[in-house]
Amino acid sequence: MGQKKKESLNFIEQLIERDVKEGKFIKIQTRFPPEPNGYLHIGHAKSICLNFGLAQKYGGECNLRFDDTNPEKEETEYVNSIKEDIRWLGFDWGPSAYYTSDYFERLYQFAVRLIEKGSAYVDELSAVEFNKLKGSPTEPGKESPFRNRPIEENIKIFEAMRLGAFQDGERVLRAKIDMSSPNMHLRDPILYRIKHLAHHRTGSKWCIYPTYDFAHGQSDSIEQITHSLCTLEFEVHRPLYDWLIQQLEIYPSKQTEFARLNLSYTIVSKRSLRELVEGHYVAGWDDPRMPTISGIRRRGFTAKSIRKFTEIIGVARRNGITDVALLEHSVREDLNKTAHRIFGIMDPIKLIITNWPLDYQEVMMAENNPEDKTSGTRELPFTRELFIDRSDFLEDPPSPKKWFRLGPDREVRLKKGYIIKCTGFKKSENGEVVEIYAEYDPNTKSGQDMSGKKVKGTLGWVSAPNAVSAEIRMYDRLFLTENLDKIEDDFKTHLNPDSLTINNKAVLEPSVRHAQVGDQFQFERIGYFRVDEDSHYGKLIFNRTLALRDGWNKRNN
RNA sequence: UGGCCUAUGGUGUAAUUGGCAACACGUCUGAUUUUGGUUCAGAAGAGUCUAGGUUCGAUCCCUAGUAGGCCAACCA
């Protein structure tokens with residue numbers, strides 16, 4: 001049927017389609033190259049969806065490659081969490097993951113080839129001298145006195161480096177390019193450094209390790225990556241990326257940069273996230289307030305909504321800051337269609353239906369999700385004593401046009417139950433309302449209401465004798481500042497002190513008794529919640545994923 | 001005394017590659033609603049950073065300027 005408006009392509013898709021048209025390759029090959037030194041976050045999700053998504057869209061493949069060239073920081077723990085997160089996001093990297101460390105021998109041979117061409121040399125400057133000669137962006141550098149060592153000697157020393165003849169830092173292998181280049185990365189960049197450290201995969205086999213610049217592009221080339229996508233800050237590396245491939249005469253992978261994701265009220269820097277974890281500002285990498293994939297998963301954001309989000313924000317070369325509202329919208333959109341509804345009362349107050357028989361219980365039926373007719377129904381016991389939310393009653397409410405809820409002599413519907421009229425309330429000696437009294441209208445039963453009565457307000461409720469209590473962890477944004485990129489001081493001073501409040505008085509309808517870890521619900525009129533893994537026998541713990549949009553609160557704040 | 005990149009409503013992206021700026025989110029109305037949710041209808045909001053130039057015509061091409069970002073780790 002009617003073709004929708006022609007979809008517009010982002011600049012990378014345009015590039016790919018142009019390349020396809022020109023017949024540059026058989027099929028596209030992308031890769032997602034995380035360094036296994038931390039947990040993946042929402043920013044990585046953008047890259048994952050981009051790389052895997054492009055491969056899917058154009059019938060190519062996307063490799064998962066662990067960029068593990070620095071044994072100082074990398075650990076197997078991270079390899080596993082990264083795999084889990086990518087799988088959860090819904091992507092598949094085929095039969096096996098790749099590791100830059102698997103290429104160490106080939107990379108070493110590449111280095112030898114470069115030396116043989118006279119395009120690399122062993123330097124023995126101290127770090128201080130090295131930096132002095134490097135110059136600055138506005139001042140050209142100077143050549144090292146070791147720059148013109150004979151090729152044979154370079155090869156011998158490089159071999160000796162591999163064999164462990166030197167201590168860390170005593171020698172480095174450098175590319176011989178141009179010490180006066182305005183691009184700092186072309187001023188004889190370091191290709192290999194000595195680190196007498198065990199590597200998480202190669203153990204103690206190596207004591208020299210390639211740097212990013214000498215590992216990444218070469219690994220791309222080995223895997224015949226057609227489109228090597230990375231973030232903007234690697235732009236200045238591209239001339240070096242190309243230079244090395246050209247010198248080595250290997251497969252010409254092409255690097256294309258795009259803007260990384262910045263989110264309002266959110267910090268997405270591995271270093272800062274680590275600081276939050278190690279300083280115990282949060283409970284761990286998977287704390288539901290963290291923007292890590294594991295954190296937002298635990299919080300209750302769905303993989304589908306993350307994918308949708310990355311689609312919505314697109315990809316470009318402009319650096320900006322994305323409003324978290326876009327993310328939250330994607331999450332609500334998905335959850336609205338999938339989450340079963342239940343009644344939950346965050347701040348219970350007793351409501352007594354005075355004209356209801358003392359021990360009588362009636363079972364009401366409610367659909368699990370009005371947005372999904374196949375979702376089935378559940379039973380709700382209705383009794384004389386109920387709980388409603390304290391915020392749904394006002395002793396002296398504004399006009400009925402402004403306030404739809406309960407107040408003296410006001411009528412509301414108890415959703416899926418009856419219309420009730422407030423007949424009174426009881427206060428404790430310190431003036432707090434402790435009980436509300438009402439009468440129900442037997443002609444107004446949900447689904448068979450013949451009364452013709454119209455009420456504006458509809459309240460959630462829970463049968464008091466059947467109520468299930470639970471711990472509700474109310475999460476809010478971790479930071480109070482919108483743009484954390486712009487701050488001058490310590491980012492931790494911008495933490496929201498109320499990012500987590502724990503509610504232990506909440507009561508839920510009895511149907512949740514069977515809820516399992518990972519189950520997600522919409523507490524009607526409140527928000528989306530997910531059963532946390534900290535739950536245990538006899539105690540349900542819920543994380544608030546997000547509050548529902550609230551037009552009323554907005555108007556009245 | 002530098003080099004590279006970027007600049008479109010509040011935010012993120014579009015604009016058939018030169019034909020008087022579109023979509024999503026957000027905001028605001030109104031309708032519907034047994035969730036102040038959802039859904040539906042509608043509105044406001046940019047004349048495309050500035051100044052020149054090329055052109056019949058510029059968001060798009062050129063020049064200069066301005067603003068922002070990135071670059072001097074034996075990190076990635």
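A polar contact is taken here as a pair of N or O atoms within 3.5 Å; within protein, one atom must be able to donate a hydrogen and the other to accept it, and residues adjacent in sequence count only if both atoms are side-chain atoms. By this criterion, 9 residue pairs, both at pLDDT 80 or more, are in polar contact between domain 1 and domain 2. The structure is a predicted model, in which local features need pLDDT of at least 70 and side-chain atom pairs count only at pLDDT 80 or more, whereas totals for chains, interfaces and linings use all residues. Residues are numbered from 1 along each chain as its sequence is written, and side-chain values use heavy atoms, with hydrogens and water left out.

Chain A is divided into domain 1 (19-258), domain 2 (270-340 + 470-556) and domain 3 (345-460), with bounds from an automatic or database domain assignment. The centres of domain 1 and domain 2, taken over C-alpha atoms, are 36 Å apart. Their contact (heavy atoms within 4.5 Å) involves 22 residues of domain 1 and 23 residues of domain 2.

About 2100 Å² is buried between domain 1 and domain 2, 65% of it on carbon and sulfur atoms; buried area is the accessible area (1.4 Å probe) that two parts lose on being put together, summed over both. Of the area that domain 1 buries against domain 2, Tyr-39, Ile-42 and Trp-88 supply 33%, more than any other three residues.

The two domains, domain 1 and domain 2, are also linked by 4 salt bridges, each a side-chain nitrogen of Lys or Arg within 4 Å of a carboxyl oxygen of Asp or Glu. Arg-317 forms a salt bridge with Glu-257, with 3.1 Å between the closest N and O atoms.

Notes. Chains are lettered from A and ligands numbered from 1 in the order in which they are written.
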